[in-house]
Amino acid sequence: MGAQQWIAMVVLCATFFQLCRAVDSSADDKLLSLPGQPRVSFQQYAGYVTVDKSQNRALFFYFVEAETDPASKPLVLWLNGGPGCSSVGAGAFSEHGPFRPSDGGSLVRNDYSWNKEANMLYLESPAGVGFSYSANQSFYDLVNDTITAQDNFVFLQNWFLKFPEYKNRDLFIAGESYAGHYVPQLADLIVKSGIKFNLKGVALGNPLLEFSTDFNSKGDFYWSHGLISNPTYELLNAVCNTSQLWRERIGGSSLSASCSKVSDQIDAEIPGAIDPYDVTANVCLSSGASLLGAQNNPLTPRSRLFSSAESLQEVLSQQVCSLGDNSSSQENIFFFFGLFIGFCFLPRMQKAQENIDLCVQEETFVYLNRKDVQESFHVKLVGTQQWTLCSSVVQYDLRNLEIPTIDVVGSLVNSGIRVLVYSGDQDSVIPFTGSRTLVEGLAKQLGLNTTVPYTAWLEDKQVSLLHIIKK
């Protein structure tokens, strides 16, 4: 055998070894149990996936298999917005993951966990968010949508090497708020790449899809919910509307005189004790946004990041999964717009509301910064001293907020990817009125026909939501 043949043999063996090691490495990420966790039968994993070896940039994930029969359930990738906020701290431990921290330091089961219906993959993205990191910290100086989408794409490719049994599983990508950018942009990359990820659909909750429409709807929302006075509403309409106000805020320079006047009026009339993600909800009184590290992110609230919408998201989970199970290949362009009035499964939610922990975000901050918890999660703290809900190191290019993604959503629909847009009607950050306007305009543009008219969705004879379905 010649020297070149020997070299080729060595290279092939090394490549085979690396591939085998990548496939088997999911065992290194397996969690035996989290501190304070109740006993469960499903498997959990947490760890890192490298997305740029030369820069030593890696994204942290928390993966929870479905409670029952995970081999038959779809895979859902969840992305929180911000930009720059944690999918583990917000999505997994405050919204729809299997556990929630309690004030006693232990974990309690979440009766509305999405892993009842799907295998849930929570990704902290971009690097610098949560436990994700870049050893080359100059990366944080200017991060944008293009970088985030590309890193998320590479993450998925490499994650499937760790978990090859999920490579052909039905895949859904879901997120909320600024994930109205993250989710469509990642899905678009997948579609255009031609790589067979078996992407079936995306779900967008109160998403930022088009800056002017979404942000201008805030003024109408404030006024219609009694949060601002008539004179302030008139100022918004005549002097400086909410999209102009936010455009000046993210521009970095001082506000114009007209917008400064409007801003002062709004700040004077809307107290900090109102949760902008659910204007009717109570808030945690023990601490504010500074503890959570949310002050630099335009789409995060001042106190409690997310409203108690467990049953709303349970409906989303069931809708997404049912799309994968029940839609025929001839009807795979599915568009749903839900205006959630109250909560779905109302009797169950009324019971759950009695036990809502308003300080779950603060308790999550304490829990995820415990040394024993970080050791269980296989965490590496690189360039930071602690986990925060929203990154204080990532300098995100906020001009990207003005990049419209509604047309990307339309492109996904035309590609056969099913899309679910759902909106809570008490969210003042990205109000449902803007989403409704954008979705209806897109439906007309694509020539989609209404298959289920605007109607109430009843649960035990109570109105849970209003919805419309178009194909």
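Analyst: Let's start with β4 (residues 75-79) and its partner β7 (residues 119-123): four bridges join the two strands, which run parallel. Strands here are DSSP runs of E with at least two residues, helices are runs of H or I with at least four, and both are numbered from the N terminus. Two strands pair if DSSP finds at least two bridges between them. Within this pairing, V76 has M120 of β7 as its bridge partner.

Before going on, a word on what you're looking at. This is a predicted model, in which local features need pLDDT of at least 70 and side-chain atom pairs count only at pLDDT 80 or more, while totals for chains, interfaces and linings use all residues. Residues are numbered from 1 along each chain as its sequence is written, and side-chain values use heavy atoms, with hydrogens and water left out.

Back to the strand. β4 also pairs with β9 (residues 171-176), again running parallel, through five bridges. There, L75 stands opposite L171.

Now look at the side chains. In a regular strand they alternate between the two faces of the sheet. On β4, L75, L77 and L79 point one way, V76 and W78 point the other way, and all are buried. Buried means under 20% relative accessible area, exposed means over 50%, and partly exposed is in between (1.4 Å probe, protein chains only). Because five of the five residues of β4 are buried, the strand is largely enclosed by the rest of the structure.

C85 and C390 form a disulfide, with their sulfur atoms 2.0 Å apart; the term covers a pair of cysteine sulfur atoms within 2.5 Å. This one links distant parts of the chain: C85 is in the loop between β4 and α2 (87-96), C390 is in the loop between α13 (371-376) and α14 (406-414), and 305 residues separate them. The link is right-handed, with 105 degrees about the S-S bond, and both C85 and C390 are buried.

The structure holds three disulfides, and here are the other two. C240 and C259 are joined with their sulfur atoms 2.0 Å apart. C240 sits in the loop between α6 (230-238) and α7 (242-250) and C259 in helix α8 (residues 257-269), so this pair ties together parts that are 19 residues apart in sequence. The torsion about the S-S bond of C240 and C259 is about 90 degrees, so that disulfide is right-handed. Both C240 and C259 are buried.

The remaining one joins C284 to C359, S to S 2.1 Å. C284 lies in the loop between α8 and α9 (289-292) and C359 in the loop between α11 (346-353) and α12 (360-368), so the parts tied together are 75 residues apart in sequence. It's right-handed as well, with 95 degrees about the S-S bond of C284 and C359. C284 is buried at 4% relative accessible area, and C359 counts as buried at 18%. Number the bonded cysteines in sequence order and the pairing reads 1-6, 2-3, 4-5.

Charged side chains make links too. Side chains of opposite charge can pair when their charged atoms come close. A salt bridge is a side-chain nitrogen of Lys or Arg within 4 Å of a carboxyl oxygen of Asp or Glu, and by this rule the count comes to nine. One of them joins K162 and D29 (2.7 Å, N to O). K162 is in helix α3 (residues 145-162) and D29 in the loop between α1 (3-24) and β1 (30-31), so the pair ties together parts that are 133 residues apart in sequence. K162 is buried, at 13% relative accessible area, and D29 is buried too, at 7%.

Another salt bridge joins D397 and R399, whose closest N and O atoms are 2.9 Å apart. Here D397 is buried at 10%, whereas R399 is exposed at 60%.

Finally, step back to the whole chain: it has 15 helices and 14 strands, and buried residues make up 56% of its 471 residues.
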